[in-house]
Amino acid sequence: MPFSLLSVSEISPWSIAFWICVTAIGYAYIGYPTLLWIVTRFKKHRAVPPSTAPTLTLLICAHNEAANIGRKLLQCLELNYPKDKLQILVASDGSTDETEDIVRFFAPEGVELIVVPQQAGKTNAQNVAVRSARGEIIVFSDATTEYHPDALQYIAGSLADPNVGAVSGRYTYFDLNSSSVGEGSRAYAGYDNRIREMQSAAGSLTGCCGCIYAVRRNLYTPLEPGIISDLVEPMHVLLQGAKVKFEPRALAREDVGHNAGKEFSMRVRVVARALTGLSSVRQLLAPWKHPWIALQLLSHKLLRYAVPLFLVGMLASSWMLRASMAYGILLALQLAFYGTAALAAAIPALQKKKAFSLPMYFCVMNAAALWGAVKFMRGQRYAVWKPQRETSHAG
């Protein structure tokens with residue numbers, strides 16, 4: 001069949017399917033951010049002053065983090081926050097290495113240890129440790145995350161507003177090992193932080209950054225172990241009538257020194273747990289009750305997780321329409337994109353170039369989203385986690 005230019009006469013079920021897929025993908029990555037930009041375009045942002053008024057509990061959950069926990073605690077002790085107002089609490093989730101001994105070494109500096117004998121997952125460890133928290137505000141951190149010296153002051157400043165119940169900081173990645181996913185992770189982090197910033201300006205976030213976020217202790221809700229806390233805990237804050245804000249000056253950074261395989265495994269777990277969490281607060285998805293929050297969750301979470309289905313649909317429909325010149329070109333562009341990603345996966349040297357690493361990271365992210373959704377539908381909940389960095393530090 002000869003090639004022809006796209007025309008009205010070529011409208012068919014396959015062409016309709018193609019453009020539905022294109023529209024869905026375009027809205028997820030471009031349309032929704034553009035909508036947020038329009039909504040917040042004329043809103044004046046007033047930076048709140050930092051504060052040291054409230055008492056804080058800095059809570060670090062750790063499982064077999066002997067390679068990192070000492071450095072993390074040294075960095076925590078140097079944060080610019082009054083020592084008499086800062087409780088540093090480490091929850092060891094069934095650690096079998098030297099993590100607990102290292103934490104005990106810091107006891108003279110005021111660091112406290114909570115031992116959860118049987119590993120039951122990060123969310124469960126948080127639930128247990130929060131019972132021992134004395135701060136008015138609980139700041140949740142990871143064992144490998146480095147904070148800006150003034151990060152806690154900026155978080156406390158944002159929570160000076162009594163209408164704010166939770167605050168997310170801003171995260172970024174550095175890459176000590178020049179790993180294959182470093183460029184993609186940094187690009188995604190920048191994009192994700194910009195989305196959070198606009199969501200906050202528009203009213204409220206629907207999720208926080210797991211390595212740096214804070215919740216008022218009196219608003220904390222214990223969650224089931226299989227639920228991802230940095231997504232769902234803020235939603236329970238919203239259900240209690242408080243706002244969740246983004247504070248870009250509360251900066252955290254973390255090494256992303258792992259390969260595409262480990263990134264895939266981590267993302268599968270995150271998506272499966274996120275879907276479990278969303279199903280536990282499904283009332284927020286009702287647009288007649290929570291119109292703006294529901295729009296954010298549908299646009300930034302559910303639709304984003306559905307993108308791989310639309311990518312498959314776009315590829316399949318353009319293949320069926322390949323006799324048309326226009327659809328043939330669109331098919332060739334898609335195949336070139338996936339071919340670039342495949343080359344990057346096959347030839348590690350190419351992964352240092354953005355033209356190859358970004359397509360590969362995009363494919364890893366979406367393949368993981370698809371598999372994570374499958375895992376969720378199969379009932380896998382990932383309550384217990386094994387940090388990807390664990391093996392990267394071995395040997």
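What we have is a predicted model, where local features need pLDDT of at least 70, side-chain atom pairs count only at pLDDT 80 or more, and totals for chains, interfaces and linings use all residues. Residues are numbered from 1 along each chain as its sequence is written, and side-chain values use heavy atoms, with hydrogens and water left out.

Let's start with the second largest pocket. Its lining has 24 residues, and H45, R46, S200, A201 and K245 lie nearest the centre. Two or more lining residues come from each of α5 (151-158), α6 (182-202) and β8 (243-255). Helix α6 gives the most, 6 residues. By type, the lining splits into 9 nonpolar, 6 polar and 9 charged residues. Here Ala, Val, Leu, Ile, Met, Phe, Trp, Tyr, Cys and Pro are nonpolar, Asp, Glu, Lys and Arg are charged, and the others, Gly among them, are polar.

Next, helix α4, residues 122-130. Of its 9 residues, 8 are buried, where buried means under 20% relative accessible area with a 1.4 Å probe, protein chains only. Among them are K122, N124 and Q126.

Now for my serine. S92 sits in strand β2, residues 86-93. Is S92 buried or exposed? Buried, with a relative accessible area of 0%. What does its side chain meet? Another, of 2.7 Å, joins the side chains of S92 and E100.

Terms used:
1 Å grid on protein atoms, 1.4 Å probe; cavity = no way out; pocket = protein on both sides within 12 Å on 5 of 7 lines; lining within 4 Å. Helix = DSSP H or I, 4+ residues; strand = E, 2+ residues; numbered from the N terminus. Buried < 20%, exposed > 50% of the residue type's maximum accessible area, 1.4 Å probe, protein only. Polar contact = N/O pair within 3.5 Å; in protein donor to acceptor, adjacent residues only side chain to side chain.
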